[in-house]
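I opened this model to look up a few things and wrote down what I found. My notes follow in the order I took them.

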Amino acid sequence: MAELHQPHDKLLKGTFSNPENARAFFKNHLPESVAALCAWETLEVLPSTFVDPRFATVESDLLFHVRIRDTEAFIYLLFEHQSREHPLMAFRLLCYVVRIWEDYLAAHPQAKTLPPVLPVVLAQDSKPWTGGTRLSDLIGIPLEHEAALRPWQPELVFKLMELVRIPYGDLRGTPEGVLTLRALKAEPVGELLSDPVWELRTLEMISGAARERFFRYMCAREQSRDAFLDRLARLEACPTLKSEFMTIAEQLRAEGSREAWEKGREEGRNEGVLGAKRAAVQRALELRHGTVPKRLSERVFSVGSADALDILLEAAICCSSVAEFEQRLPELG
C-alpha cells in the first residue's frame, strides 16, 4: 500500500483498512437497496491506489472487493480533503473506475465482462457541495439534440457522503469508524476539541492502537496548544484514559522536540500551499488552453517553489499556447 504521507490518510486508512470498520461504514451509509445486495462477510481491502499523482496531496483512496450475490464487485472509496469541491468529480471518478477495470482485466485476461464498481466519495470540505453526482450532468448537449445524442454518452453515478451535512450523531458504524468520521468532520470547521469528538464512551470502546492513531492525528492538526491541553485536562472523569493519552504525548516528545514538531507542522502547511498553487496552475491551463498533456501536468506538479508557481500561474493565463507555457518550465521547474 502506498506510503501514508498525510495525517488524514493515516487516520482514514488506518481505520477503514480494517474490514470490520469498513463493513459497518458501508452497511450504514450506502443506499439500503445496494447494501442489501452485498455479502458483507466477503468484504476485503485490496492493496491498490488509483489517485492521479496530481491530486495526491488532496485525495486518498481505498479499493474493496465484495460479492454481490453470485457476482464479484468492487467498492471504491475516494476521500476528498481539498478546500473546495471539484466540479468535474464525476469525470475524475470515471477515470479511476476505468483504471480499476484495466487492473482487473490484466489479472483476468480471459474475462468477457467487467465487474460492477460502486464509487463512494467521502468529502471533508467545510461547505456543502453544489455540483451533481452524475457524469451526465457534465456532458453539454443542446436541448434540441438531447434525444439523439444522450444514448451515446457514458454514464456514472457516485455516492457522495458530505461530512459537513451529517450531524455527529448520525455518523454510524463501529466505535472506531464513528470516531474517525467525527474527527474528519470536525477538522475543517474548527471543532476538533468539541465534546462529540472527545466523547468518553466512544474513546473507551476502541482499541489502544486506534486511540493512539486518533491522538496523533489531533497533535498534527492546527489548533491552540493551550486549548488542546485544556481538553486533555477535562479527561479527569477517566483517569486511565488521561494517563494513556499523556503516555502517548511523552512518546511524541521522545520522537522529536517541540521545535521538530512545529517544523513538521510548518512543512505540512507549506506542502498544502504548494499543492493549492500547483492545482491553480493546472486549472488555469485547462481554462485557457483546454486539455493539458499529462507530461506537462506532471512537470507542473514537480515544481517545489511557491514563487516559481506564482510565475507559472501568470504564464498559464497570459501565454498564447501550451507550447509557449512549456518553454517557461526548464528555468522554473
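**Entry 1: a cross-strand pair.** I started at Cys 38 and looked across to the next strand. Cys 38 stands opposite Ile 68 in β2. The model is a predicted one, so I read every value here as computed. I then looked at how the two strands run. β1 and β2 (residues 59-68) are antiparallel, and five bridges join them.

**Entry 2: the whole sheet.** Next I traced the strand order. The sheet is open and has five strands, in the order β1-β2-β3-β4-β5. Its pairing is mixed. Which strands stand at the edges? They are β1 (38-46) and β5 (159-162). Each has a single partner strand, so one side of each is left without a neighbour in the sheet. I also noted the twist, which averages 25° from one strand to the next.

**Entry 3: the helix on the sheet.** I asked which strands helix α2 touches. Helix α2 (residues 19-29) packs on the sheet and touches β1, β2, β3 (71-80), β4 (117-123) and β5. The direction of α2 makes about 130° with that of β1.

**Entry 4: Asn 21.** I stayed in helix α2, where Asn 21 is found. Is Asn 21 buried or exposed? Its relative accessibility is 4%, so I put it down as buried. I looked for a polar partner. A polar atom of the Asn 21 side chain lies 2.9 Å from the backbone oxygen of Thr 15. Leaving out residues up to four places away in sequence, Asn 21 touches Thr 15, Phe 16, Thr 174, Glu 176 and Gly 177.

**Entry 5: aromatics.** How many aromatic pairs does a search of the whole structure find? I got 13. I picked out Trp 198 and Phe 228. Their ring centres are 6.3 Å apart and their planes stand at 65°, so I logged the pair as edge-to-face. The cut-off for that class is over 60 degrees. The pair links distant parts of the chain, 30 residues apart. Trp 198 sits in the loop between α6 (175-186) and α7 (200-205), while Phe 228 belongs to helix α9 (residues 225-233). I checked burial too: both Trp 198 and Phe 228 are buried.

I also found one aromatic cluster made up of Phe 16, Phe 25, Phe 26, Trp 40 and Phe 64. Phe 16 was already in my notes as a contact of Asn 21.

**Entry 6: a charge over a ring.** Last, I looked at Tyr 168. Lys 185 lies over the face of that ring, at 5.0 Å from the ring centre.

Methods: Residues numbered from 1 in each chain as written. Predicted model: local features only at pLDDT ≥ 70, side-chain atom pairs only at ≥ 80, totals over all residues. Heavy atoms only, no water. Pairing = 2+ DSSP bridges. Helix = DSSP H or I, 4+ residues; strand = E, 2+ residues; numbered from the N terminus. Axes fitted to C-alpha atoms, helices over the stretch in contact; angles between N-to-C directions. Contact = heavy atoms within 4.5 Å. Phe/Tyr/Trp six-rings, centres within 6.5 Å; stacked < 30°, edge-to-face > 60°. Buried < 20%, exposed > 50% of the residue type's maximum accessible area, 1.4 Å probe, protein only. Lys NZ or Arg CZ within 6 Å of the ring centre and 35° of its normal. Polar contact = N/O pair within 3.5 Å; in protein donor to acceptor, adjacent residues only side chain to side chain.
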